[in-house]
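Hi,

Here is the structure I promised to pass on. Please have a look at it, and then read on for what turned up.

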Amino acid sequence: MHHLQARVCGGRNGQVGDYASNSSSRTCDVCLPPRTTSGQGSTYCDACQAEYYLASSLDGAFDKKYVDDCEADDTGNGTACCTCPTGATCAVGSTIETIKVNQKYYRHGTQTPQVLKCLQKQACIGDPEGDDDEVERNPCAEGFAGALCSRCASSYYRDSFTMDCIHCDKGGGVTSVIVTVLLAWNFMIYTEKFFRFMIKRQKELVLALKNLVTLLVITYQIIVDLSRVHRFKGGQGYPHLFRRFMHYLEQVASLDVFELLHLDCIIRDSDFTFKLFTTTLGPLGILVFALLWETIRKLRYGGRTIINGTVMTYTLIMLYFVLPATSQIINLSFFCQAFDDGTKVESFMKVDMVISCDDARYQFIYTYAIFMVAIYPIGMPLLMLTLLYSRRKDIVARRSRAGGKSLSGLSFLFRMYNVNKWWMSVLDMVRRLALSSMLLFLKPTEQILVAFCVGVITIITAREATPFYDTSQDLTYYFCAWMIIACIFTLTLQDIVYLQGFGDDHELFWISGDTMSYILIGTNVAIVLQILFSSDAKRRKTDALTLATLFNQMIVAETSDKSQMDNAWNNYLNNAAPGAELELFARMKELAKKVEGAIVSQMASLNQLADLMKLSKRYSAKVHRVFKIFAERCGADYHAGPLKDPDRVKQKAQTDYNKDFRKVIDVVRGTIEFKSIEGMKQAIITLLEGGDDVPKVVRGKDRLNPGINGLRDVLLNLIIPNTGGLVVELQLHFKDLHAIKPMAHRIYGIFRTVGWDHEKAREKQSAINERSREDAERKAKDEAEKAAKEAARVAGAAEDGDVEDGIEGMLKELELEANGEQDADGPNGGEGGGGAAKPTKINQVAPLMLEDGTVAEEKPSQYDPRAAEDFSGGDGGVAESKGSSDDGGVAESKSAQSEMAMLKARVEQFRMQRNEAIQEKNKTIQEKDDAIQEKNKALKTIGEKDDTIQEMAEEMGLLEAEVKALKERLNGSNGTNAANANNSTNGTNGTNGTNGT
């Protein structure tokens, strides 16, 4: 009774957790866990204990969809108590409205137990402390908004590395866009000449780097997309350190201009639809513009096809690289996430949770995305395949990596691959899509499995198919495929660490994120170094081979030209008077000395291109007329050169004379061809003596002493009277030598370009070529000797084995014969020696004979198999030996000495056979050595023929270039010749009039 008095229920003294069924009850009942009371004096269990909350329904049927368990009130008076949701805190007496959401978690409303983990942990700050009535509920951190706090608020943009939302004023906004555009523009301007120089000087290196960098960019696109799609579906991303390493590469490789230029700060309050329409309609608009541009250009100017136009080519390249990113944006449109606020279920696009999936607007987005799937991830690979398939025969038959001009528009799709692997670029596009946008439709574990299978197939393809044009690219592709496998493995480990909570209790299995990052970064660095090394090694190897081949061919061509030049000069000497050569040299030396040290340039008034070209055109006909009269006076032929092209004049002034147009003194030029030494001597004497009608020499280059190629000529710069002081150029040649000059001049130009126009440079290159030749011969000789030794070893081992096996077999046979059966009564027959005895053999004779080495007489005995027929009877029985008894008894055995002689003879015979076998072996080795030498000679002959073919191809190219230049020269000369003809006619008419007067 005392106990009941201490716990008076139904009134004032009941404890929390006790209740009375009515207010008049004197006894109290205890609430069973997880139920409790909200205070003293409760008439039922109207609250829940800690880690539980009071549901809004009696059975908690609605809440069970989102929590582990709910227990109804057995008394039927109250609602159910449900376990607190993961990511929330439930104090004693918590209701569904007062649940406190922890940081990194999100609840869509106060009437729902659905608590979700935020995609960006820093975005969700949880519910504030204090009463809900006093504190405003805002679950998102500053700058974040929307369901799950998954998007940035207005005037904020997302940093792709930290995933934070940064205010546009702090991040740059429009200023960053302007700066980026200006930097890109300046980069294009200032690097254009540099790239031109690189392409001209290191064309092979630039092409190799271009292809290898393409592989690297594609690989980085895949690595970035793997992490993005995996995190979008709920998986883990790369470790922090590697993500920091990939941050800037991600912006460039993914080609996401929205993140790169912070377009959210330019187009305020825009949502995902703006990004979707821009990234899909933008490339299509550029494609339509390119088609129109190339169509108009072709209709107006003709020429190349639409697909080979510059604008269309770069448009196709752009589509090739943006395809994975664009396809990924399109596929993101198909995913929605539902949120239950306790009163209704709302669904939002997972990529942008301000766009509802329950209205007509999303239906339009969904339909539009399906249409774009047909255009991009399906249509673009089919478009590329169709273009390649239509030209597959030309691609397979191409003679160079990139093909001819007719394939220039598609070359970027096949130039990396072998001729019969023209479809590899399309297959690689499918691979890139399979490792990015297609993975969005799979669960995280399924993503890992599919990506791993695709990666393994890529590795097998790179190893077995070797699809690339260069071996170095096969190796790079192989390394990149393994890099992708390493990234997939890293994502798998990140998922395992997150799900299992590995830590101190699992040290044997736990892998540090930094460790994985170091491995991935090291692999990336190794791939880049491999690219640089392979491209540079290829360049150096190709350059060395090209230089050696070019040098040898040029030396041969130059020697041939010099021989022709010398023969032609000897003909001139034979037809000249004695001493004419020396007098010519002396006169030319006098003329050169007369103008030595003069600074030659045009007048000060001709410092502009337009002024120089105007004066040159004005007096060009007069200059050529004076030169022609001067040539005819000396019995020579004159050839007027075309007026130098203004673009060439401008280029020469900029590159050679620091933009000083006055230094260009060969705009008007001509050539005189002399038929004899006396003719050139007379011309030089005339120039020395001068006169009112004789051109004034202002500079002279004496090149009558033969150079390396044997050419002899004179280069003069002159001023013709009454031409406004215009400086022109005149070359004096011997006709027969000048006929050989075009080829010799081209050869000299090549020598000069490469730097072989000096004797020391030639000696250096000759030494390099000689060392290369010696190294190649030494290597071939070493390989031949190695092969010969190996062949001899194999053949010798086989033959030695046969001989030794034969000798051992024979010795064994002899030993068996020596140990043959004897008479049981002893060597002398029966008792008393009177009986006949069987022939006996001496035991162990063969070993003694082998050690003795003496040569026994080859005397056959009845026991020698070779004499078996001589001692055999006609009936096949054993013949009786000499001295047999008359009564037909068995003859006495041979003596031991006779037996030993027979064995010695047989052993000696085996030795002779062995020596013959060794001689045969040595002969075989010698024959193999001779065969290898013949093979090396044949290979050398093949190499010489290849060099000849290459030389003929080069010669054909030079001839084609010469024909083209000659055509241009003839086309340019037609107008000049016509003008000269008119001027000559006018001059003649004037002369005739004077004569008449």
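Before the rest, a word on the ground rules. This is a predicted model, where local features need pLDDT of at least 70 and side-chain atom pairs count only at pLDDT 80 or more, while totals for chains, interfaces and linings use all residues. Residues are numbered from 1 along each chain as its sequence is written, and side-chain values use heavy atoms, with hydrogens and water left out.

**Overall picture**

The protein chain has 25 helices and 23 strands. Of its 997 residues, 39% count as buried; buried means under 20% relative accessible area, exposed means over 50%, and partly exposed is in between, with a 1.4 Å probe and protein chains only. Among the contacts in the chain with a separation of 6 or more, 64% are between residues 24 or more positions apart; a contact means heavy atoms within 4.5 Å.

Back to Leu 382: its relative accessible area is 49%, so this residue is partly exposed. Leu 382 and Val 426 are 44 residues apart in sequence, and their C-alpha atoms are 8.1 Å apart in space.

**Nonpolar cores**

In soluble globular proteins, nonpolar side chains tend to be buried together. A nonpolar core here is a set of buried Ala, Val, Leu, Ile, Met, Phe, Trp, Tyr and Cys residues joined through side-chain atoms within 4.5 Å. The largest such core has 66 residues, and the members that touch the most others are Ile 223, Leu 226, Phe 242 and Leu 316. Helix H4 gives the largest share of this core, with nine residues.

What does Leu 316 contact, leaving aside its neighbours within four places in sequence? The partners are Ile 307, Met 384, Leu 387, Gly 409, Leu 410 and Phe 412.

**Cavities**

A cavity is a set of points on a 1 Å grid over the protein atoms alone where a 1.4 Å probe fits but cannot get out, and lining residues have an atom within 4 Å of a point. Grid points are joined across faces, edges and corners, and a volume is the space filled by probe spheres set on the points. By this rule there are three cavities of 30 Å³ or more.

The second largest cavity has a volume of about 50 Å³. Its lining consists of Leu 226, Val 229, His 230, Leu 439, Gln 447, Ile 448, Ala 451, Ile 488 and Leu 491. Helices H4 (203–232), H14 (444–464) and H15 (471–500) are the elements that each give two or more residues to this lining. By class, the lining has seven nonpolar, two polar and no charged residues; Ala, Val, Leu, Ile, Met, Phe, Trp, Tyr, Cys and Pro count as nonpolar, Asp, Glu, Lys and Arg as charged, and the others, Gly among them, as polar.

**Disulfides**

The whole structure holds eight disulfides, each a pair of cysteine sulfur atoms within 2.5 Å. Three of them are described here.

- Cys 31 and Cys 45 are joined with an S to S distance of 1.9 Å. The torsion about their S-S bond is about -110°, so this disulfide is left-handed. Cys 31 lies in the loop between strands E2 (29–30) and E3 (35–36), and Cys 45 in the loop between E3 and strand E4 (47–48), so the pair ties together parts 14 residues apart in sequence. Cys 31 and Cys 45 are both buried.
- Cys 140 and Cys 149 are joined at 2.0 Å, S to S. Their link is left-handed, with -90° about the S-S bond, and both residues are buried.
- Cys 152 and Cys 165 are joined at 2.0 Å, S to S. With a torsion of about -85°, this disulfide is left-handed. Cys 152 lies in strand E13 (residues 151–152) and Cys 165 in strand E15 (residues 165–167), so the pair ties together parts 13 residues apart in sequence.

Is Thr 723 buried or exposed? Thr 723 has a relative accessible area of 1%, so this residue is buried. Thr 723 is found in the loop between strands E22 (713–719) and E23 (727–734). Not counting residues up to four places away in sequence, Thr 723 touches Leu 615, Tyr 619, Lys 622 and Val 623.

Best wishes

Methods:
1 Å grid on protein atoms, 1.4 Å probe; cavity = no way out; pocket = protein on both sides within 12 Å on 5 of 7 lines; lining within 4 Å. Helix = DSSP H or I, 4+ residues; strand = E, 2+ residues; numbered from the N terminus.
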